[in-house]
Amino acid sequence: MRHQRIARLGVVAASLLLVATACGTDRDEEDPSSTDETTAAAAAELPTDTFGDLESPCGDGDAKGATDQGVTDESITIGYGDDKGYPATPGLNQEMGDAMDAFIDWCNGLGGINGREIVGNRYDGMVLESAKVMKESCPQDFMLVGQGFALDGNMEADRIGCQMPMVPGFAISPQAAMAPMKYEPVPGPVDLFNDADIEVIVENYPEFKNVGFLNSDSPAVDQAGTRYSDNFEGLGITPKDCGVELKSAGGDNYRAIVQKFKECDVDALFTWTPPSPPLYNFLDAAKVEGLDLPLANAATWYTEGVVKANVDELTEGTIIALNFQPFENADVVPAVADYLAVLGQTGGEEGLLGMQSASAFLLWATVAKDCGSELTRQCMVDGLSKVTEWTGGGLHGTSDPGGNAPQECAILVTVAGQGYEQIQPAQKGEWYCSKNGARKAPESAWGVELTDDRIATTYLSDDVITPQG
């Protein structure tokens, strides 16, 4: 089947699988017969001297000095985390914290950063408590690394106030995406848009014209939708407000929602809402009611939970544009095999967001290594600002963390049985790149005022650490 057309499923089967998928996922729990043998084989060896095509930043050394908060002769303390404790979506973005756990262990096993052990403080933002996380982090961490908090804008005042640089796995809010002292491995700035994500969908699904948005009342989802929907118009897509907003806690009349989309006369659906019971319930109702539309999703839908939910083709063919190489390409992309090997040592949950945290960790560690015994926040900001080409060792396309510019490529995959099928490019390990590069987003979509240097003015002060030299 080329792609999902939302149609038919037994209600009993759907209700049973929702219990399983709501609790997160782990490949160790899979039926071994569903695991690609080449992927498993490629992930068997733990990386040492290199990670993908990147020289490993971890190893022994003689760096010394209590050079900054969280730095001693023996250790470097960093903060990270996710929203796994969010009651409405248990396990939300847990793969990010799990990846950081694994990469800290891996790096310490090689000798740390120039001989200093990495000490990690893992936080749970629970979506609504990111500001509380920042108040805990401010007095004890050297930096934030690899984190992903849905309402990250709520923590920016405190983070900037305590001069805490960060290398996040992602930054969602305009205040965080354009923040000072922020260096993201795959930036998503508000003023530039990676057209490849949508171009590759439109090229393969020409009916992607009048698009309805299947989003929820989650504040984080609303934030993402506001930020990106305006950019659809620049690609010839008409975003349509069909008056639909799912309750993130569930309890909707899903058949009535399906009817709203039918009356709205849309050609396709798109959602920023992570996979969750309400979304699966909607898919069930759509099949029963015969809503026959392609469904495209944000990259959070590249997770084992979506595959496990594919009972009676519930999620079959759903469309996902990735900025990272999928796990299925581990046999031809060394960085993916290395990521799986590192994660496998701790049994963490797999997910594309975990790869984002891995890339963030590697970016941070590479610059920290270069700072040596002069490891300070100023040195980190100076070094990170100079990193203008970054692939995480081959995990993703080339991005510009120092210039806060996105990558310009993507990979299109769809759910196929108990795995994912790469649609474009046809060749594994390759990329589909935008014909137009990164496009300037309309100022109406920014959601924040920017300086001439493209920095959000919201919490900007004279105390911010800026690149020197």
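P425 is located in the loop between strand 14 and strand 15 (432-433), where helices (H or I, at least four residues) and strands (E, at least two) are DSSP runs numbered from the N terminus. The peptide bond from Q424 to P425 is cis, with omega near 0°. The model is predicted, so that local features require pLDDT of at least 70 and side-chain atom pairs count only at pLDDT 80 or more, whereas totals for chains, interfaces and linings use all residues. Residues are numbered from 1 along each chain as its sequence is written, and side-chain values use heavy atoms, with hydrogens and water left out.

Positive phi angles occur at two non-glycine positions considered here. N114, with phi of about 55°, is placed in the loop between helix 3 and strand 4 (117-124). Its relative accessible area of 14% makes N114 buried; buried denotes under 20% relative accessible area, exposed over 50%, and partly exposed the range in between (1.4 Å probe, protein chains only). M126, with phi of about 45°, belongs to the loop between strand 4 and helix 4 (130-137) and is partly exposed at 28% relative accessibility.

Strand 10 (residues 268-271) directs A268 and F270 one way and L269 and T271 the other, and all are buried. In a regular strand, side chains alternate between the two faces of the sheet. Strand 8 (residues 210-213) runs parallel to strand 10 and is joined to it by three bridges, pairing being assigned if DSSP finds at least two bridges between two strands. V211 has A268 as its bridge partner in strand 10. Strand 10 also pairs with strand 11 (residues 295-297) in the parallel sense over three bridges, and T271 has N297 as its bridge partner in strand 11. Together with helix 10 (residues 277-289), strands 10 and 11 make a right-handed β-α-β unit; a crossover is right-handed if, with the strands pointing away from the viewer, the path from the first strand over the helix to the second runs clockwise.

The structure contains 13 aromatic pairs, defined for rings of Phe, Tyr and Trp (its six-membered ring) with centres within 6.5 Å; planes under 30 degrees apart count as stacked, over 60 as edge-to-face and the rest as tilted. The ring centres of F103 and Y339 are 6.2 Å apart and their planes lie at 25°, so this pair is stacked. Because F103 lies in helix 3 (residues 94-109) and Y339 in helix 12 (residues 334-344), the pair ties together parts 236 residues apart in sequence. Both F103 and Y339 are buried. Y302 and Y420 form a tilted pair, 4.5 Å centre to centre with 45° between the planes. Y302 is buried, with a relative accessible area of 2%, and Y420 is buried at 10%. Ring pairs link F51, F103, W106, Y302, F327, Y339, F361, W364 and Y420 into a cluster.

Five disulfides are found in the whole structure, each a pair of cysteine sulfur atoms within 2.5 Å. One of them joins C58 to C107 (S to S 2.0 Å); its S-S torsion is about -105°, so this disulfide is left-handed. The disulfide between C409 and C433, with sulfur atoms 1.9 Å apart, has a torsion of about 90° and is therefore right-handed. C409 is buried at 13% relative accessible area, whereas C433 is partly exposed at 39%. With the bonded cysteines numbered in sequence order, the pairing is 1-2, 3-4, 5-6, 7-8, 9-10.
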